[in-house]
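Hi everyone, thanks for coming. Let me put the sequence and the structure up on the screen, and then we can walk through them together.

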Amino acid sequence: MPMDQSFIGRTYPPTEPYQVGREKIREFADAIGAPDALYHDVAAAHAAGYRDVVAPPTFPIILSFAAMEQIVTDPELGMDYTRVVHGDQRFSYRRPIVAGDELVVVSSIDDITHRGGHDFLTTRAELSTPAGEPVVTVVCKLVVRGHGE
């Protein structure tokens, strides 16, 4: 049965604030093989005009993926996460994320379509400071494979 399109536009409560730490940024940069000094060295970040080390562009996946759990575990939505394939991910920055930032995430469902026996769910995660300063938007598309019906 296709996912219910009445969920389009549903927004979930903000997450608890996430403190962005230097070591988290460094660990993430190491994990993705990003040796740029801006991700590792405070002095290099200061020299480039940042107040601390800078997060790699895909770092927000840590926060947005955790926040997406609100959607994929929503019992009313009824998504079978065992059938999910990651389809697409896009990041739109308003400013870089740096160590010391505190961020919250508000997730919402932008679209649900059904094609070829599969559901396509597009979600949006708005990362901002607790005071409401927008930082980055993460748009993700998940494909929920059908049962071959």
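I'll talk about the sheet, then a helix, then the pocket. Please keep in mind that this is a predicted model.

Let's begin with the sheet. In what order do its strands lie? The five strands of this open sheet run β1-β3-β4-β5-β2, and the pairing is antiparallel. β1 and β2 are at the edges with a single partner strand each, so one side of each has no neighbour in the sheet. Now look at β4 and β5: these antiparallel strands are joined by ten bridges.

Next, helix α3, which covers residues 61-72. From first C-alpha to last, its twelve residues reach 15 Å, close to the 16 Å expected at 1.5 Å a residue. Which residues of α3 are buried? They are Leu63, Ser64, Ala67, Met68, Ile71 and Val72.

Last, the pocket. The largest pocket has a volume of about 250 Å³. Its lining is made up of 18 residues, and nearest the centre are Met1, Met3, Gly78, Asp119 and Val144. How does that lining divide by residue type? There are six nonpolar, six polar and six charged residues.

That's my tour, and I'm happy to take questions.

How values were computed: Residues numbered from 1 in each chain as written. Predicted model: local features only at pLDDT ≥ 70, side-chain atom pairs only at ≥ 80, totals over all residues. Heavy atoms only, no water. 1 Å grid on protein atoms, 1.4 Å probe; cavity = no way out; pocket = protein on both sides within 12 Å on 5 of 7 lines; lining within 4 Å. Points joined across faces, edges and corners; volume = space filled by probe spheres on them. Nonpolar A, V, L, I, M, F, W, Y, C, P; charged D, E, K, R; others polar. Helix = DSSP H or I, 4+ residues; strand = E, 2+ residues; numbered from the N terminus. Expected span 1.5 Å × (residues − 1). Buried < 20%, exposed > 50% of the residue type's maximum accessible area, 1.4 Å probe, protein only. Pairing = 2+ DSSP bridges.
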